[in-house]
Amino acid sequence: MLFSSIPFLYYFLPAVMLLYFLVPKSLKNAVLLIFSLVFYAWGEPKYVVLMIFSILLFYGCGLAIGRSRTPKWKKFWLIVSIVCSLSLLGIFKYADFFLSSVNAVTGLSLPLLKLALPIGISFYTFQCLSYTIDVYRGNVPAQKNPISFGAYVSLFPQLIAGPIVRYIDVARELDDRTTTWEDFAYGLRRFLVGLGKKVLIANQFGQLIEIFRGAQQPSVLFYWMYAVSFTLHIYFDFSGYSDMAIGLGRIFGFHFIENFNYPYLSRSIAEFWRRWHMSLGSWFRDYVYIPLGGNRVSRGRWLFNTLVVWMLTGLWHGASWNFVLWGLLFAGMLLLEKWVLKLDKTPDFLRHVYVLLTVCLSFVLFNAVDMRQAASDFAGLFGLAGLPLTSRETVYYLKSYAFLFVLGFIGATPLVKTALNKVEKTGFMAVLEPVAVLALLLLCTAYLVDGSFNPFLYFRF
């Protein structure tokens with residue numbers, strides 16, 4: 001089920017909210033668990049069994065770690081949880097990638113499993129791993145209530161595409177939380193802002209990308225329009241989902257971490273990754289990079305740690321060589337910034353251009369279905385495909401989507417937020433906000449009724 005769909009907005013969400021606020025506190029987690037499993041089963045009916053298995057597996061491992069009397073047994077149950085979870089992730093997400101790579105290198109014809117990828121498996125697997133690791137480290141006690149733990153793992157606001165919510169960050173709220181009117185109003189507003197990002201901006205850039213792929217008169221300029229379109233598309237799509245997840249969480253009394261902080265304002269690749277998909281970056285930092293030794297090691301070891309983390313980051317996004325290269329590209333850029341580039345002596349404008357160009361080109365690699373398409377896209381971008389600089393079709397779509405590009409450029413900065421804060425100080429927001437929120441909901445509804453199916457990009461991860 002999609003947040004940006006009529007069934008969710010007008011049937012599922014009102015039903016869960018109504019029941020959630022009617023039942024006593026002791027039953028609220030049970031309501032969230034039941035509705036979350038229904039939410040997941042709506043699109044993945046057969047894989048809801050895998051979700052329930054993951055809940056039971058990590059619940060049991062957490063209890064076993066917490067009750068173990070010796071470090072040996074604690075480590076044993078931690079290893080069980082890690083091996084089981086990564087095995088499931090490997091089978092469903094990476095088995096065919098590995099087998100096809102072996103076939104390509106050796107000339108063998110090993111049969112592929114051809115298993116459908118369970119939606120959101122990368123997200124809830126990482127959440128479960130953070131739970132058992134933190135219990136093992138003694139950072140948090142094991143959850144004894146299976147209903148509460150099941151609600152944490154399957155919580156529908158962030159189940160499908162994050163942010164990656166660690167158990168330690170919501171442990172207290174799982175057991176004791178309240179929703180004030182201020183929380184409810186903020187959550188609803190944040191959810192609708194995210195919905196607007198998805199439906200009114202991201203989906204429209206998605207249409208332009210589809211038009212580009214079917215273009216009759218491609219050109220170098222059209223390739224750059226595509227690159228910029230996808231760069232904005234993935235930001236508004238993913239940050240829009242995160243806004244909706246954070247808003248829904250607040251409605252039900254949870255305070256989820258932020259996932260984006262205007263990443264396209266960055267002046268270095270290192271800063272970009274401190275602002276982009278922050279929950280994933282912090283997860284790899286705390287559970288992979290630091291345990292490997294972080295940067296408090298020799299230069300050679302630090303190089304190894306960096307390459308491992310970024311190769312895994314690429315693989316986390318998808319089982320394809322373009323994702324591996326995408327991750328290693330950022331590893332290379334971070335190493336260059338550390339050892340070669342003198343960005344602190346470079347004017348801010350040039351630093352912004354450098355980051356935007358690097359990120360834009362990286363997302364061309366990211367969005368390619370395979371390396372052949374990636375090579376073709378880069379050839380088109382740099383005039384190596386024998387294409388004209390522009391064409392009548394290119395100019396037509398550039399004019400047609402000019403306003404969307406302007407809206408995207410502005411929306412990727414804090415300008416709108418700053419303007420709203422200034423209006424809020426005048427006292428007009430008390431009148432304008434309800435009207436604006438209702439108008440946004442009606443406008444998004446109109447687009448959804450009239451539009452086509454356009455899932456969130458990160459569903460496939």
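The model is predicted, and the protein chain in it has 20 helices and 0 strands. Of its 461 residues, 52% count as buried.

**Overall dimensions**
- The C-alpha trace of the protein chain spans about 70 × 65 × 50 Å along its principal axes.
- Because a compact globule with 461 residues would have a radius of gyration near 23 Å, the 23 Å found for the protein chain agrees with that expectation.
- When contacts between residues at least 6 apart in sequence are considered, 76% join residues at least 24 apart.

**The largest nonpolar core**
- The largest nonpolar core has 138 residues, and Phe8, Phe156 and Tyr264 are those with the most contacts inside it.
- Helix H10, which covers residues 220-251, gives the most to this core, contributing 17 residues.
- Once neighbours within four places in sequence are left aside, the residues in contact with Phe8 are Met1, Leu2, Phe3, Leu13, Pro14, Phe39, Phe156, Phe191 and Leu248.

**The contact of H10 with H15**
- H10 packs against helix H15 (residues 348-367) at an angle of about 90 degrees, and the axes of the two helices lie 9 Å apart, which means that H10 is roughly perpendicular to H15.
- On the H10 side the contact involves Trp224, Tyr226, Ala227, Val228, Phe230, Thr231 and Ile234, which meet Leu357, Cys360, Leu361, Phe363, Val364, Phe366 and Asn367 in H15.
- Sorted by type, the residues of this contact of H10 with H15 comprise 12 nonpolar, 2 polar and no charged.

Methods:
Residues numbered from 1 in each chain as written. Predicted model: local features only at pLDDT ≥ 70, side-chain atom pairs only at ≥ 80, totals over all residues. Heavy atoms only, no water. Core = buried A, V, L, I, M, F, W, Y, C linked by side-chain atoms within 4.5 Å. Buried < 20%, exposed > 50% of the residue type's maximum accessible area, 1.4 Å probe, protein only. Helix = DSSP H or I, 4+ residues; strand = E, 2+ residues; numbered from the N terminus. Contact = heavy atoms within 4.5 Å. Axes fitted to C-alpha atoms, helices over the stretch in contact; angles between N-to-C directions. Parallel < 35°, antiparallel > 145°, perpendicular 65-115°, else oblique. Nonpolar A, V, L, I, M, F, W, Y, C, P; charged D, E, K, R; others polar. Rg over C-alpha atoms; globule rule 2.2 N^0.38 Å.
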